[in-house]
Amino acid sequence: MSLKQSDPKIYEIIEAEKQRKREGLEMIPSENHTSPQVLEALGSILTDKYSEGYPGRRYYGGNQFIDEAERLTIARTKEAFGVPYANVQPYSGSPANFAVYLATCNVGDTIMGQNLPDGGHLTHGWKANISSKLYKSVPYHVKKDGYIDIKEVEALANEHKPKLIWCGATAYVREFPFEELSKIADGVGAFFVADIAHIAGLIIAGAHKSPVNFAHIITTTTHKTLRGPRGAIIMITEKGLAKDPELAEKMDKAVFPGGVQGGPHNHQTAAIAVALGEALKPEFKEYGKQIVKNAKALAEELMKGGVKLVSNGTDNHMMLIDLTPYGKGLGVFLQDALDLASMTVNKNTIPGDPSSPFYPSGVRLGTPAITTRGMKEEEMKIIATWIAQVANEIKNYRLPENKEEIKPYLKKFREEMTENQTIKEIKQEVLEFSKRFPIPGIS
Ligand SMILES: *Cc1c(COP(=O)(O)O)cnc(C)c1O
């Protein structure tokens, strides 16, 4: 019996999500469209098996094929990134980063990471995250121009002598200064960890420099530019093994049984292997390079259309629209208006944001998913024109100063946008346009 027959409710939800994706443009830079082959492995019976432990040393019997899948995933990771060690079991990026803390720090040690409102990740020491409760977090910042403030990092590291320094972000449009930050970390004897969650695919494609010669540890998610299933990998470099020869054993123990995980998600591991297999093919190099070409083209056209961008452009797959020329806290307005026009982006803080993380003044968008659909620079011009037109429709709105007034104001805004003729027309154009670019995993 098909899912359609046995469980029509969930079947309909999946079909509706497929349609949403087919008829719109996914521009959240942390998302992508996986291949049918990745989905096939992910939907396989490998999900049935318990295999706590590691290949050749499990707590359950019957793992001979699971061992093969995990070993293959590890081997492909080593080949793709040029590292001597990999753990492919982390459920996702956040638990992977937690395992890194467990392997390298004691509770109470000082750690440094890019501040969340400056584009950093929750797990790098943000105040609402456990990483700042178990460890003493000293965040560093980006300058007004959008680049990491290296001088500040150096001064803070010398003052606070952290045990670990993170490099990596969820909203950073410039190339990461791995070399400069690694020198600072080495100067104070800290572990230097590159969290390449967003840019792993770009690194494999040669479209962003690799941290392999600079970092001790590298973590990555597998579902962003790497275009695999949701998941994560922890790598240790030669430099990391030289700093601590026992780091590999410590890391394995930190992932399991030391951390937040139980049995590995074997269907996910196998699907990661499939994604890495795809990433090792020459076509993926073209894909990764095209992501960046598209991002640069989109950024260029947006700026030509009068849209302001943080740092005036991009080196990678994403850009940040700065809406402060119109007013503060307008990110949600542009996000919602674009949503109504079938373009999915997310509101985001910008460096030195005059508003709050819940009502930030920027919007983050990127090109990994639309590049997967085969779009090129030509298409970026069209998309940029639509975004600039939508931005024009929201610029006269103002986030109320009085908190009580925000909700009703936004409700009214959404009603007006739903009736807005320009938005309606763009939505129709996006629909026609999207049909020309099928999504690999959706038949
Ligand atoms: C996305 C991301 C993560 C976390 O990934 P989840 O899989 O959502 O837990 C960690 N670090 C960075 C820099 C990220 O962008």
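## The ligand and its shell

Thirteen residues surround the ligand, and the closest of them are Ser92, Gly93, Ser94, Asp195 and Lys224; a residue belongs here if one of its heavy atoms lies within 4 Å of the molecule. This is a predicted model, in which local features need pLDDT of at least 70 and side-chain atom pairs count only at pLDDT 80 or more, while totals for chains, interfaces and linings use all residues. Residues are numbered from 1 along each chain as its sequence is written, and side-chain values use heavy atoms, with hydrogens and water left out.

Sorted by class, the shell holds two nonpolar, nine polar and two charged residues. The nonpolar class is Ala, Val, Leu, Ile, Met, Phe, Trp, Tyr, Cys and Pro, the charged class is Asp, Glu, Lys and Arg, and the others, Gly among them, count as polar. Helix H5 (residues 93–104) contributes the most to the shell, with three residues. Helices (H or I, at least four residues) and strands (E, at least two) are DSSP runs numbered from the N terminus.

## Polar contacts and burial

Now for the atoms themselves. A polar contact here is a pair of N or O atoms within 3.5 Å. Aspartate 195 places a polar side-chain atom 2.6 Å from a nitrogen atom of the ligand. For serine 94, a polar side-chain atom is 2.7 Å from a ligand oxygen atom, and a polar backbone atom of glycine 93 is 3.0 Å from an oxygen atom of the ligand. The ligand taken alone exposes 380 Å², of which the protein buries 86%; accessible areas come from the Shrake-Rupley method with a 1.4 Å probe.

## Helix packing

Two packed helices are described by the angle between their axes and the distance between the axes. The axes are lines fitted to C-alpha atoms, for helices over the stretch in contact, and angles run from 0 to 180 degrees between N-to-C directions. Angles under 35 degrees count as roughly parallel, over 145 as roughly antiparallel, 65 to 115 as roughly perpendicular and the rest as oblique.

Helix H13 (residues 282–304) packs against helix H16 (residues 377–394) at about 40 degrees, with the axes 8 Å apart, so H13 is oblique to H16. H14 and H16 have axes that come within 9 Å and cross at roughly 125 degrees, so this pair is oblique too. For helix H14 (residues 331–340) and helix H17 (residues 403–419), the axes come within 10 Å and cross at roughly 30 degrees; H14 and H17 are therefore roughly parallel to each other.

## Backbone details in the loops

A cis peptide bond runs from phenylalanine 256 to proline 257, with omega near 10 degrees. Proline 257 sits in the loop between helix H11 (247–255) and helix H12 (266–279).

Lysine 161 has a positive phi near 45 degrees although it is not glycine, and its place is the loop between helix H7 (150–160) and strand S7 (164–167). Serine 311, also not a glycine, has a positive phi of about 65 degrees; serine 311 lies in the loop between H13 and strand S11 (318–322).

Key:
A polar contact is a pair of N or O atoms within 3.5 Å; within protein, one must be able to donate a hydrogen and the other to accept it, and residues adjacent in sequence count only if both atoms are side-chain atoms.
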